[in-house]
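Here is a short briefing to read alongside the model. Please have the sequence and the 3D view open as you go.

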Amino acid sequence: MKHLSRFEKQKEPGSSAGRAPLSEKDRARYIAVARDIFTKKAASYARIMNVTYGRISIREQKTRWGSCSSKGNLNFNWRLIFAPEEVLDYVVVHELAHRREMNHSKTFYAIVESVLPDYRSPRRWLREHGHSLWEAV
């Protein structure tokens, strides 16, 4: 959430949920913020995990927070920038772990846990509060 403090001050009146739809200008600004955040986090965690990846895309998927293609391209939902920092870290590590295991096996989660020992907490937050990210703007 700290990522947005400087941008919240710049928001145009009426762009919050319940008032008016998000303007294309605001959407573009949030996507740019998300691109910067996820690019830096992916690079940092990829070094730690000793994995590579292809392109990073920022999207607004309705049912996914992130994904990793078989070619190693990463996709992240821009609305995650409204989540706590540890949730963003978890989603990045989760997707990068797919560079070693393209499934959700025990081996996959052992990779996630080796980087984020407390990964269950942000995973739970996303399950319990992720819907609120659609109400954030």
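How many residues does helix α2 have, and how far does it reach from its first C-alpha to its last? Helix α2 has 26 residues, numbered 24-49, and reaches 36 Å. Please keep in mind that this is a predicted model.

**Helix α2 and what follows**
- The reach of α2 is close to the 38 Å expected at 1.5 Å a residue.
- Just after α2 comes Asn50, which takes a positive phi of about 55°.

**The largest pocket**
- The largest pocket holds about 340 Å³ of space.
- Its lining is made up of 16 residues; Gly66, Tyr90, His94, Glu95 and His104 are the ones that lie nearest the centre of the pocket.
- By class, the lining residues split into 7 nonpolar, 5 polar and 4 charged.
- At least two lining residues come from each of β2 (66-68), α3 (85-97) and α5 (120-129).
- Helix α3 makes the biggest contribution to the lining, with 4 residues.

**Asn75 in strand β3**
- Asn75 sits in strand β3, which covers residues 74-77.
- Is Asn75 buried or exposed? Asn75 counts as buried because its relative accessible area is 9%, where the cut-off for buried is under 20%.
- Leaving aside residues up to four places away in sequence, Asn75 touches Ser57, Arg59, Gln61, Trp65, Gly66 and Ser67.
- One of these contacts, Gly66, is also among the residues nearest the centre of the largest pocket.

Notes: Residues numbered from 1 in each chain as written. Predicted model: local features only at pLDDT ≥ 70, side-chain atom pairs only at ≥ 80, totals over all residues. Heavy atoms only, no water. 1 Å grid on protein atoms, 1.4 Å probe; cavity = no way out; pocket = protein on both sides within 12 Å on 5 of 7 lines; lining within 4 Å. Points joined across faces, edges and corners; volume = space filled by probe spheres on them. Nonpolar A, V, L, I, M, F, W, Y, C, P; charged D, E, K, R; others polar. Expected span 1.5 Å × (residues − 1). Buried < 20%, exposed > 50% of the residue type's maximum accessible area, 1.4 Å probe, protein only. Contact = heavy atoms within 4.5 Å.
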